[in-house]
Amino acid sequence: MNVLKGKKAVYYTLGCKLNFAETSTIEQQMKVAGVETISKGGVADICIVNTCSVTEVADSKSRQAISRLRRRHPGAMMVVTGCYRPPLTPPSRGENYLFVDGKQKGDIPKLIEAAMRTFSNSSLREEDRVSLSLKDGGGVSFVPACACGERTRYFLKVQDGCDYFCTYCTIPYARGRSRNGSIASLVKQAEEAAGQGGKEIVLTGVNIGDFGKTTGEKFIDLLRALDKVEGIERYRISSIEPNLLTEEIIRFCAESRAFMPHFHIPLQSGSDEVLRLMHRRYDTKFFAGKIEEVRRYIPDAFIGVDVIVGMRGETDELFSQARAFMEALPVSQYHVFSYSERPGTKALEIPGIVSPEKKHERSQQILSLSKEKLRTHYNIYIGQTRPVMLEHSREVGVFHGFTDNYIRVEINSKFKINSFRAFDNTIVNVRLGGWNEKGDALAGDLIIEN
Ligand code: SF4
C-alpha cells in the first residue's frame, strides 16, 4: 500500500538556485507519489526543508525555518535535507524526524515512505523517532532538476558536487564529488522546458565548468547541443570557475544563437597571497587575462564577480592590494560575501582572524566599488535599443526585465500597453532611457514594430 497517497506536504527552500530547482523536482516526485502540496494556511503531514550552510547566517536561517515549520504543522513529519545538518536532539512527544543526506535528495519520496512505515510502529520509543538516511559513502548519484517555479526563467541543473576543496568551503563535503547529467538527458529537459513555454534557461550547478566527470563529455559540447534546442531563446551560465572558462567557451558564446553576453566568474580575492591561502587554482594575473579575453570576444558582456572579504590571513595590506586589483578590473558588478568560519574546513588552521568590524568595513568598500562598476556598465547603454525579456510583474502598471547583457529595465504603462500580462515571458526590443527613480534599473521604452 502506498502510505504517501493522500498526504499533504509543505516545502521550504533556503540558499542557492540549485536548491530551488531541486526542491521543485522533489515536489514533482512527491506529487507523482500521491502527495498534495498544501495551499496557504493549510496544515501539512510532511514538512520538507532544503537547507543551506554557506555561512553561519545560513545555518541560523535553516534552524529558524525548521522551528517555524514545527510550530505551524504540529505532528507533521519533519524532513530535513540540504547542506545544513542540525544537531540531533531527541524529538518532542509525537514528532518524527527524517534527515536526508544532501547527496540523497533524489530518493526523498522513497526514504519518507520507509521512515513512515518505521514510525507507524506504536511501540517505538520517542528517541527512535529520528531517522537518518545517510549511509556514509553510500549512493551518490546525479539528481536531475529543471524548474521555473513562480519565476519566468528556468533553472536547469547540469552538474552537482565539487572536487576542488577550497579551504573555506564546505560544499564538497555536503554535496559530494563532481558529477553530471548526460548531454542527451539535459537536452531533453531543455526541450521539455521549451514545450512548457520556457524561453530562458539558466544553467546551474556547483562547479559547472567541471561538467563531464561522470559521462566523459565536455561542457562545450553541452553548450553546442543546448544552443540547438528550438524554442529556447536565451541561456545564461550561472557561475563558472575562471580556470574552466576556456577561450573556446567564450568564443562559442560570442558566436552562438542563444547564449547571452553574460558571465559570472568567482574571483574570491584580488590578492595572490589570499588566493593561495584559499587554495584557488589561479592567480590575479590569470584572472585579469580571463576578463580581458571575455572583453575581447564580447565587449558588451555583463561580467559579475564573486568576492569574499575577511578571509583568515587577509591583512590590511593584502586587502588594500586586493581592492586596488578589483578597482582596475573592467567588470560589471561584485557580489560580496564576508568570510564565515565553517566547521571542518582547512581555513580554520590559518592564523590571522579578521574582526567582524573589519569584515564589515571591507565589505562596504567593495559594495561601493561594485555600485560604481554597475553604474558604468548601465550608463554605456543609455540611448541604445536592446532585447529585454519581460518577467512576472510584482507592481501594477510596471514591467521589469533584463537585457541580453543583464541590465535591469523598468517599463511603465504610459507606454502604449493595454495588458502587461500579454507581454510576460516575451522578448521585446526596448530603447534604454535614463535611471529609474529608485536607481535600480534603466527606464525603458518599448519599440512596437508594426
Ligand atoms: S570551487 Fe571551491 S568554492 Fe566553489 S564549490 Fe568547489 S570548493 Fe567550494
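**Exercise 1. In which strand does Q268 lie?**

Before we start, note that this is a predicted model, where local features need pLDDT of at least 70, side-chain atom pairs count only at pLDDT 80 or more, and totals for chains, interfaces and linings use all residues. Residues are numbered from 1 along each chain as its sequence is written.

*Solution.*
- Step 1: Q268 belongs to strand β13, residues 262-268. Strands here are DSSP runs of E with at least two residues, helices are runs of H or I with at least four, and both are numbered from the N terminus.
- Step 2: Check the backbone. Q268 isn't a glycine, yet its phi is positive, near 75°. Most residues other than glycine have a negative phi.
- Step 3: Check the surroundings. Q268 counts as buried because 24 other C-beta atoms lie within 10 Å. The cut-offs, with C-beta atoms placed from the backbone: 20 or more others within 10 Å is buried, 12 or fewer is exposed, and in between is partly exposed.

**Exercise 2. Find F165: is it buried or exposed?**

*Solution.*
- Step 1: Look in the loop between β9 (159-160) and α4 (171-175), where F165 sits.
- Step 2: F165 has 12 C-beta neighbours inside 10 Å, so it counts as exposed.
- Step 3: F165 isn't a glycine either, but its phi is positive, about 50°.
- Step 4: F165 is also one of the residues around the ligand, a list that includes C162, Y164, N207 and E241. To be on that list, a residue needs its C-beta atom, placed from the backbone, within 6 Å of the molecule.
- Step 5: Sort that shell and you get eight nonpolar, one polar and one charged residue. Ala, Val, Leu, Ile, Met, Phe, Trp, Tyr, Cys and Pro count as nonpolar, Asp, Glu, Lys and Arg as charged, and the others, Gly among them, as polar.

**Exercise 3. Describe how helices α5 and α6 pack.**

*Solution.*
- Step 1: Find α5 (residues 183-195) and α6 (residues 219-227); their axes are 10 Å apart, at an angle of about 30°. The axes are lines fitted to C-alpha atoms, for helices over the stretch in contact, and angles run from 0 to 180 degrees between N-to-C directions.
- Step 2: From α5, I183, L186, V187 and A190 meet D221, L222, A225 and L226 of α6. Contact means C-beta atoms, placed from the backbone, within 7 Å.
- Step 3: Sorted by type, this contact has seven nonpolar residues, no polar ones and one charged.

**Exercise 4. Which strands make up the closed barrel, and in what order do they run?**

*Solution.*
- Step 1: Follow the five strands β16-β17-β18-β20-β19, which form a closed barrel with mixed pairing. Two strands pair if DSSP finds at least two bridges between them.
- Step 2: Zoom in on β16 (residues 385-390) and β19 (residues 427-435), which pair in the antiparallel sense over five bridges. T385 stands opposite R431 in β19.
- Step 3: Now look at Q384, in the loop between α11 (356-380) and β16. Q384 and R431 are 47 residues apart along the chain, but their C-alpha atoms are separated by 5.7 Å.
- Step 4: Q384 is partly exposed because it has 13 C-beta neighbours inside 10 Å.

**Exercise 5. Work out which way the side chains of β12 point.**

*Solution.*
- Step 1: In a regular strand the side chains alternate between the two faces of the sheet.
- Step 2: In β12 (residues 234-237), R234 and R236 point one way, Y235 and I237 the other, and all are buried.
- Step 3: β12 pairs with β11 (residues 200-204) in the parallel sense over four bridges. R234 is the bridge partner of E200.

Terms used: Contact = placed C-beta atoms within 7 Å.
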